[in-house]
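Work through the exercises below with the structure open. Each task is followed by its solution, step by step.

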Amino acid sequence: MVRSIDKAEKILHGLNSRQRDAVETIDGPVLILAGPGSGKTRVITSRIAYLRHIVGIASFRIAAVTFTNKAAREMKERLSPMLGNDLNSLSVNTFHSFCARILRTEYEHIGINRDFTIYDDADQMSLMKQVLQDINLDPKRFPPRSILSAISGAKSQLIGVSGLSSQSTNYWDEIVARAYERYEEMLISNSAVDFDDLIFKTYLLFRDVPQVARTYQNKFAHLMIDEFQDTNIAQYALAKQVIQETSNICVVGDPDQSIYTWRNADIRNILSFQTDYPSTKIISLEENYRSTQTILDAATSLIKTNTQRVEKDLWTKNGKGNPIIVSETYDEREEAQFVINEIQTLLKSPKNNYNLSDIAVMYRVNAQSRALEESCVRYGMPYQLIGGLKFYQRQEIKDVVAYLRLMINPDDDISLTRIINTPTRGIGQRTLDQVLRMARNKEISIISALRVITSEKHKKEETGLASRPVKALADFLKILDDLTSKKSELNLVDFIDLIMERTGYQRYLMDSANVERRGEERIENIKEFKSTAAEFALLGQQEGLPSFLESVSLISDIDNLKERSEAITLITLHQAKGLEFPVVFIVGMEEGLLPHIRSIDSGDPSELEEERRLCYVGITRAKEQLYLLRAFRRGFRGGSEPSVPSRFLVDIPPSLISPETLTSENRKVTRNSEQKTSLRNRLTSTSTKSSPYSSGNVKKEVTSQVLFQVGDKVNHDIFGKGMVVSVKPSREDSEITVAFDGAGIKRLLQSLAPLNKSE
DNA sequence: CGAGAATAGTTTTTT
DNA sequence: ACTATTCTCG
């Protein structure tokens, strides 16, 4: 008894009274409204430890659901010292992986293959194009993107094909309903599901197969949901099903941080929760432990401008801190230089003792990262870029993934069409069309169609294919069959190597490296891909590949963020949610960018309010120092246009802003010339010598400080020994031409090529 | 059939 | 600016 009180004290130690309340209220529905920096994650993890150690709930009966793998991983890390081995049986997952796991266990009940493939956006797009072709719709009149987003909207509101077609009131709805129907048929025949299906199908499973639902309802005694403001209708409905037995459901969220309604997140869930569970205990966490008073005041002033809002009073015991620095530069290049320059000054100053990892630069759209990246490279500032062109969406990675998917799901026509002629093997559009036609007529998968066509009994009159293409198809089929037969003999990494070799993909990449600059990078990416695969190889030949593929499908870029890396972080405002940094720069504080033009054009005030919340999220990431920057001109799509300061700047009281950076007329007009020249002087006086840098997505040993000269003997990781024949410096890099002893003459980019001086 | 050129369309945010 | 698709020629 005494011991458990000790334990309880230990778990509750350091929590404020409301946090304690949130941890100790374990029976029945709880809604925690958690302001930014209010110790939300600490509450959730303490609550789990409390449930396990004080209440004595078996860990396998506790489930916590998050939105990103990163949040799930962090939660587990924090729980690890408190739970030890219990951690393994605890269920801490993203919504999507939680569902994927259930579906792979219960696949028989929903008539789906155990090894179903999870289609990502690009796969969905290919499939939809196929759908439109099938049902004779012009993709120019009916953009596949729009149709997909309508379908996604339907699925996240639990509306199936019949539901949608019965609801359609106009031509467009009718078109969507028809596309939806065919889309679903094709997903099934491909043994595939999309992201929304993971939730929707799990919901349907529980609704329609009560004995399965009961299994999970009896299993889970407690359910916690993080970032509840981001849930959609389907996710909330599923959560209710799961916890039906006990109603011990605890949701944590902040309506002011709802920034995903465009992705069907439905803030009404917070209201529904209180009506669905009338006995809900509401706990509001309002003490902020993260930011200075100044930053918090700025955030509060900004968010108060929103009308659709529940009042919440944030406060902090932290001191006033530094004023916010608001500045204006000429264009995005100067903006980026200002950022770098300021960071260099911050790092030099001994009083803060900042590290690179303490600093983040945030922006509205990914395209803005470009100017920042260029400046980082130029000034030798190490950075990690989150998002952008995502690793698993790169062409070469998707190609290899397509081959791997086919090894366990040969019905996946989308993957098959992706690689049937990559690298080129004489199967052109005409041939492919014939194959597709046959597959459709016979209602069989493409691979089955290939078997028919290439079988000896098959008469060519049926398809009208000449002998050469048939031979090409037969060769391709043989490659796939050979590889499939080897999959259980080799470990995952060796298997990937075999695929690379047997399909000619390795050769293809090498050749592309000769002509294209990106070829080098592609080879590097495959290396990186294999090193991730290596972790899954440990699971053995049976489980390794499926687990790897699932993780590839469900991973997001934010999951790769490294907390302690020696680099500044470049990140979108959306992805920054849940993170914190001592120093935050928000760039592009301009009308049309933040708020984004689309929210302005929509004429919908709630879209503007979402933009304001996005800005609020950004500001509240900062612990000590906040910069709000804007450019007078901003370039886009080649051109460049003058811009107007963001309306959000006006929401911030001038008293919180550093006077020396405050521009005249409450920042509405450009700075006076004196300030402008002093800024320019500061920018141009910065050193321009280059030094090592890194980008988060592709790890590479950087050799950029090594200077190559014509005549140097060099060694390349892939091409071997050679001699430099020309050096052509470009803006931030050098193009080096090397005559290799074995591999001929290659043009390489210094920053990318694994090239060293050999003596 | 395949490769490169010309052209059209496109971008907010992403599990 | 960047990509995806269509066109054209060997």
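**Exercise 1.** Which handedness does the crossing of H15 and H16 have, and which residues make the contact?

*Solution.* 
- Step 1. The crossing of H15 and H16 is right-handed. This is a predicted model.
- Step 2. H15 supplies Glu332, Arg333, Ala336, Gln337, Val339, Ile340 and Gln344 to the contact. H16 supplies Ala371, Leu372, Ser375, Cys376, Arg378 and Tyr379.
- Step 3. Sort the contact of H15 with H16 by class: seven residues are nonpolar, three are polar and three are charged.

**Exercise 2.** Are H15 and H16 parallel, perpendicular or oblique to each other?

*Solution.* 
- Step 1. Two packed helices are described by the angle between their axes and the distance between the axes.
- Step 2. H15 covers residues 332-348 and H16 covers residues 369-379. Their axes come within 9 Å and cross at roughly 50 degrees.
- Step 3. Angles under 35 degrees count as roughly parallel, and 65 to 115 as roughly perpendicular. H15 and H16 are therefore oblique to each other.

**Exercise 3.** How many aromatic pairs does the structure hold, and what is the geometry of the pair Phe529 and Phe548?

*Solution.* 
- Step 1. The structure holds 17 aromatic pairs.
- Step 2. Phe529 and Phe548 are 5.1 Å apart, centre to centre, with 55 degrees between the planes. The pair is tilted.
- Step 3. Phe529 lies in helix H24 (residues 518-537) and Phe548 in helix H25 (residues 540-554), so the pair ties together parts 19 residues apart in sequence.

**Exercise 4.** Why does the pair Phe536 and Phe548 count as tilted, and which cluster do the ring pairs form?

*Solution.* 
- Step 1. The ring centres of Phe536 and Phe548 are 5.3 Å apart and the planes stand at 50 degrees, so this pair is tilted.
- Step 2. Phe536 is in helix H24 and Phe548 in helix H25, twelve residues apart.
- Step 3. Check burial. Phe536 has a relative accessible area of 16% and is buried. Phe548, at 0%, also counts as buried. Phe529 is buried too.
- Step 4. Ring pairs link Phe391, Tyr392, Phe529, Phe536 and Phe548 into a cluster.

Notes
Residues are numbered from 1 along each chain as its sequence is written. Chains are lettered from A and ligands numbered from 1 in the order in which they are written. This is a predicted model: local features need pLDDT of at least 70, side-chain atom pairs count only at pLDDT 80 or more; totals for chains, interfaces and linings use all residues. Side-chain values use heavy atoms; hydrogens and water are left out. Axes are lines fitted to C-alpha atoms, for helices over the stretch in contact, and angles run from 0 to 180 degrees between N-to-C directions. Helices (H or I, at least four residues) and strands (E, at least two) are DSSP runs, numbered from the N terminus. Angles under 35 degrees count as roughly parallel, over 145 as roughly antiparallel, 65 to 115 as roughly perpendicular and the rest as oblique. A crossing is left-handed if the near helix is turned anticlockwise from the far one by less than a right angle, and right-handed if clockwise. Contact means heavy atoms within 4.5 Å. Ala, Val, Leu, Ile, Met, Phe, Trp, Tyr, Cys and Pro count as nonpolar, Asp, Glu, Lys and Arg as charged, and the others, Gly among them, as polar. Rings of Phe, Tyr and Trp (its six-membered ring) pair if their centres lie within 6.5 Å; planes under 30 degrees apart count as stacked, over 60 as edge-to-face and the rest as tilted. Buried means under 20% relative accessible area, exposed over 50%, partly exposed in between (1.4 Å probe, protein chains only).
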